[in-house]
Amino acid sequence: MDPVVDRLGRPLETLRVSITDRCNFRCVYCMPKEVFGRDYAFLDRKELLSFEEITRVVGVFAGLGVRTVRITGGEPLVRRDAEQLVEQLAAIPGLEIALTTNGALLPQKAEALARAGLSRVTVSLDSVDDAVFRSLNDVDFSVDRVLAGIDAASAAGLPVKVNAVVKRGANDDGVVALAERFRGTGHVLRFIEYMDVGHTNGWRLDDVVPADEIVARIDAVWPLEPVAPKSADSTSLRWRYRDGAGEIGVIASVTKPFCGGCSRARLSAEGRLYTCLFALRGHDLRAPLRSGATDEDLAELLRGVWTRRTDRYSELRTAGTADLPKVEMSYIGG
Ligand SMILES: C[S@@+](CC[C@H](N)C(=O)[O-])C[C@H]1O[C@@H](n2cnc3c(N)ncnc32)[C@H](O)[C@@H]1O
Ligand code: SF4
């Protein structure tokens, strides 16, 4: 089968699926409480794609060359029986199933997820300082409970990565402590530059801590050396501790954008397909799914969307583009 490529020659390889726009955290850089409070209009249950609908769409994507599906949200584990979706997806041959979670529900769920066929998990943890972490998640959730989630995932046999968003003045002075906590554990820690996703977090370029600065701070304590990227599509720049204590990554989507190798499509919880994290509008897949489209019809639709794709927002980002309307991270899933 020929790969499906877009107008810039990028193949379609990875799909991120948001399975809910709801979350049990209110991270200040993602779902600030002032906006995502009691009155916020979250999607209704009937608006969400069912697990059967998601599995069908993912199967069609797999037929077009997608090899990895990442389940995300909102917080994916707040959707009831998420492990059943994993089980359904695991029946699609040749597909790797990853999950991004805040870790809060992993102590209860890790084993069932692993049993259902999950390949690996990424847990978000932005600080190991309890007061700082509680103020970032804004629901008073402790570091220890996330660490318990990471341990539960590990004990269930799941490879774990840890993601930390770095926001200047909020948690950047904890970068070295985070590195120290995960050095030598086998869990790769990845720092993410704070991005201008959505328009509710009041993003400013001054809040971004450049990847080079993050690496320099850690290198000053434990010398680092670069590691070659795993693939052209890799979002993360890799570094290894010279003393053999493992690896870190930095996702420099603001200061070193990586649109050139981007092979990711994104499906929102209500079944809209986005070809860029910063896209304004998605393509509706739910209507055709619910009005009798065949798998061939869906494949044709997806192929048409991907082959017309030209997105490279991060490479075009300027101070001015921050004000353009965009979808929220909690809706599209990162
Ligand atoms: C939207 S969350 C969804 C999955 C899950 N709730 C979690 O937090 O891992 C996915 C990832 O996006 C990151 N994220 C959210 N808002 C961000 C922003 N403004 N800039 C950079 N990363 C962000 C989160 O830290 C998380 O690692
Ligand atoms: S980053 Fe994840 S955990 Fe935090 S508010 Fe957004 S969706 Fe929820």
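Mentor: The model is predicted, so local features need pLDDT of at least 70 and side-chain atom pairs count only at pLDDT 80 or more, while totals for chains, interfaces and linings use all residues. Residues are numbered from 1 along each chain as its sequence is written, and side-chain values use heavy atoms, leaving out hydrogens and water.

Trainee: How much of the accessible area of ligand 1 does the protein cover?

Mentor: Accessible areas come from the Shrake-Rupley method with a 1.4 Å probe. On its own, ligand 1 has 550 Å² of accessible area, and the share that the protein covers is 94%.

Trainee: Which backbone atom lies 3.0 Å from a nitrogen atom of ligand 1?

Mentor: A polar contact is a pair of N or O atoms within 3.5 Å; within protein, one must be able to donate a hydrogen and the other to accept it, and residues adjacent in sequence count only if both atoms are side-chain atoms. A backbone N or O atom of Tyr29 lies 3.2 Å from a nitrogen atom of ligand 1. At 3.0 Å from a nitrogen atom of ligand 1 is a polar backbone atom of Gly74.

Trainee: Is Asn137 buried or exposed?

Mentor: Buried means under 20% relative accessible area, exposed over 50%, and partly exposed in between (1.4 Å probe, protein chains only). Because its relative accessibility is 0%, Asn137 counts as buried.

Methods. Chains are lettered from A and ligands numbered from 1 in the order in which they are written.
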